[in-house]
Amino acid sequence: MLFLNDTRFRAVFYQFIAISLVLLAAWAMYATASANLAKQDIATGFDFLSRQAGIAISESSIAYGPTDTVARAILVGLINTIKVSFLAALFGTIIGVLVGIGRMSTNPLLSRLMLAYVEVLRNVPLLLYLFLWYFLIILVFPPVRQAIQLFPGFFLSNSGLAMPALEWQSGFCLTLAALVLGIAAALVVRAVSQRRRIQSGKANAGWIAALVLLVLPVLAVWASGAVSLSWSAPEAGRFRLTGGLQIRPEFVALLVGLMLNLSASVAEIVRAGIQAVSKGQWEAAQALGLPRSRTLRLVVLPQALRVIIPPLTNTYLTVFKNSSLAIAIGYPDLVMVSNTIMNQTGQAMETITIFMGIYLGLSVAISLFMNWYNARVALKAR
Amino acid sequence: MKRKFLALCAATAALMVGATAAQSATTLETVKARGKLICGVSLSTPGFAAADDKGRMQGFDADICRSIAAAVFGDPEKVDFVLTNINTRFQALQSGEIDVLSRQTTATFSRETSLGIDFGPTVFYDGQGLLVPKSLGVASAKELTDAAICTLPGTTTSQNLTDFFRTVGGKFELVVFESPDENRAAFYSGRCEAISSDRSDLASIRAVANNPDDYVLLPETISKEPLAPAVRQNDSNWRDIVSWSVYMLMAAEEKGITQANVDEMAKSEDPEIQRMLGGADELGKMLGLDNKWGYNIVKSVGNYAEVFDRNLGEKTKLGMTRGPNTQWNAGGLLYAPPVR
């Protein structure tokens, strides 16, 4: 056949066949599963999402009560997952960079200490650390009725940290919009002043202008009186403290566990990245008279980033997926909420499909973002 | 190329047909052909199902499995125990991995209607309760508003608590643990003011505390938890076998037939005892079993009272009283239909 010899046609044709086979297999699995479920009289479909959830969730960033829908309960779990993974990634990265740099210090005490840190954290399963942190918290601190008062209004106990909190009565969205506007304006001014500085070779006061622009919109909104806040302090109830901001031990244990685990991986990645920068770069910077700290910041780190970003993406994906270990220590993340729902509705296939879909979607989103960032810092062809 | 593609299509189609064509034999046929009953029990719950130091599965739920094996094979040991997780127990039953689920499982409307399973008779009338430290000075569950309560996930437990506090009109903090060990440890350490589970379970949590007298079970029973064995839907014969194996235990207690006296009782003139133990009529045949099925059950595991006392009763570590699990003529809820 003539057109089969055409390479362009063949490329498309093979792709088409491959995709059709995958779709066919997926359809076959779906058809078999739903036929079997129907035969066993097991309910199917996603109707249960709009039913009342009927379960309490101890930690929620959005308004939620047992009368809300199953879909909202899953959303609460998802937000909890994102919250803990994001904070763990943020703090873990900061600690990891510091440890990674410390690991290469010429001071033997510091570098050995950092080596010990990395090895101790990296070589024990994360789940065991989660148990360790959690039991440390609940066994070391006293029960909530004998809570330690750190400062007036700050209480520490094995039910977590309770502290006074500002509660927004109104104007939250307005303030948020003003903040976004301020950040955008500051970024623009910073970019302009940087370009000028490079052109003229003279330092300018652009960063002051940027700072002013950053806070000005927020201040304007507040001055206009559209915002009202109220102060909520924890009060001792009969059993525990109510009101204020409560940071629960389950959240802290999970955050600490994920964060430290991530920091050990990041430390090794950073060390490898820095060591990948050739010695000549250090020597050249030294020859120009740059001190060691500025050499690191201005010469070595920007080049090391190119090596660091791809494996870093991997560790971020790991921390996101590892957050599902939350179930072991009672933090209501996506998996825990889904599990409870699965048991109450009996619709395992649908619930697992939902949470696997969410994990897949968000992991892909993280990968895409990191790939974009990697492309930005990658060596430009010059 | 094209031929390869067609071959692949054919293979996929064949796979689909093969996958849908399974499951035509009845459960009884499958069990008999295998020569063993496969019974799903819980992971280490002393009193209900837990392996002893010789590795033999002991417990109330395990003995229910043995009585079914005795009815089918005349031998209570022809049973394989599969430990089922609380989250996957129904899937294990649906998929045919186990023949019967005997695992402290509450029969509810939605489970019976949407999971493709049927429940047998209630083997144990339980209810959800709350355990608190005595030092808390609480006398009623209604006082527990704003308290933190520890539970296990994915059961009806958390929903019952939510419902209870909605009727009382208070809030509470739910702390959920995947493993029973963490759940208990968090409660003992004071992370939670109370721990909630079925009363039978709370009895064992209290029993393993350092000082059981420091804890008190609150009087409220906030839910009905009829624990029952479950089988796959649409196999009426198999469901009958499971149901009547359970009823036989209850009927034997009612008639005073015990493991020790079953041989003498078999000579009894009482027509119902004659039918139960296979001396008259052919009730076993109607179930597709040996006519001595009832005799075999009582001979191998005893009657309901013996099973209860051996695993949960006052002489065991759990020290439970019969409570509602007494015969109907003694004011309890056990009521086996007549064997005729």
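**Notes on a two-chain model**

1. Let's start with a loop in chain B. B:D146 sits in the loop that links β8 (128-133) and β9 (148-151) of chain B; helices (H or I, at least four residues) and strands (E, at least two) are DSSP runs, numbered from the N terminus. Phi of B:D146 is near 75°, a positive value in a residue other than glycine. B:D146 is partly exposed, with a relative accessible area of 37%; buried means under 20%, exposed over 50%, and partly exposed in between (1.4 Å probe, protein chains only).

2. Some ground rules. This is a predicted model, where local features need pLDDT of at least 70 and side-chain atom pairs count only at pLDDT 80 or more, while totals for chains, interfaces and linings use all residues. Residues are numbered from 1 along each chain as its sequence is written, chains are lettered from A and ligands numbered from 1 in the order in which they are written, and side-chain values use heavy atoms, with hydrogens and water left out.

3. B:Q104 lies in the loop between β5 (100-101) and α5 (109-114) of chain B. Phi of B:Q104 is also positive, near 40°, and the residue is not glycine. B:Q104 is buried, with a relative accessible area of 16%.

4. Which residues of helix α7 (residues 180-189) of chain B are buried? They are B:E182, B:N183, B:A186, B:F187 and B:S189. These buried residues pack against α4 (126-140) of chain A, together with β8, β9, β11 (194-198) and β12 (215-217) of chain B. After α7(B) comes B:G190, whose phi is positive, near 95°.

5. Next, helix packing. Two packed helices are described by the angle between their axes and the distance between the axes. Axes here are lines fitted to C-alpha atoms, for helices over the stretch in contact, and angles run from 0 to 180 degrees between N-to-C directions. In chain B, helix α3 (residues 60-73) and helix α9 (residues 236-254) pack at an angle of about 110°, with their axes 9 Å apart. α3(B) and α9(B) are therefore roughly perpendicular to each other (under 35 degrees is roughly parallel, over 145 roughly antiparallel, 65 to 115 roughly perpendicular, the rest oblique).

6. Who touches whom there? On the α3(B) side, the contact (heavy atoms within 4.5 Å) is made by B:I64, B:S67, B:I68, B:A71 and B:V72. α9(B) brings B:W238, B:I241, B:V242, B:S245, B:V246 and B:L249. By class, these residues are 9 nonpolar, 2 polar and no charged (Ala, Val, Leu, Ile, Met, Phe, Trp, Tyr, Cys and Pro count as nonpolar, Asp, Glu, Lys and Arg as charged, and the others, Gly among them, as polar).

7. Chain A has a helix pair to check as well. The axes of helix α8 (residues 279-287) and helix α9 (residues 292-322) of chain A come within 10 Å and cross at roughly 140°. That makes α8(A) oblique to α9(A). A:Q281, A:W282 and A:A285 in α8(A) meet A:R292, A:T295, A:L296, A:V299, A:V300 and A:Q303 in α9(A). This contact has 5 nonpolar, 3 polar and 1 charged residues.

8. Finally, the record. UniProt (unreviewed entry) places "transmembrane region" at several spans of chain A, including 84-105 and 352-373; positions follow the numbering used here, feature names are shortened, and annotations may be inferred rather than shown by experiment. In the model, residues 84-105 of chain A are 86% helix and 0% strand, with end C-alpha atoms 31 Å apart. Residues 352-373 of chain A are 100% helix and 0% strand, and their end C-alpha atoms are 31 Å apart.
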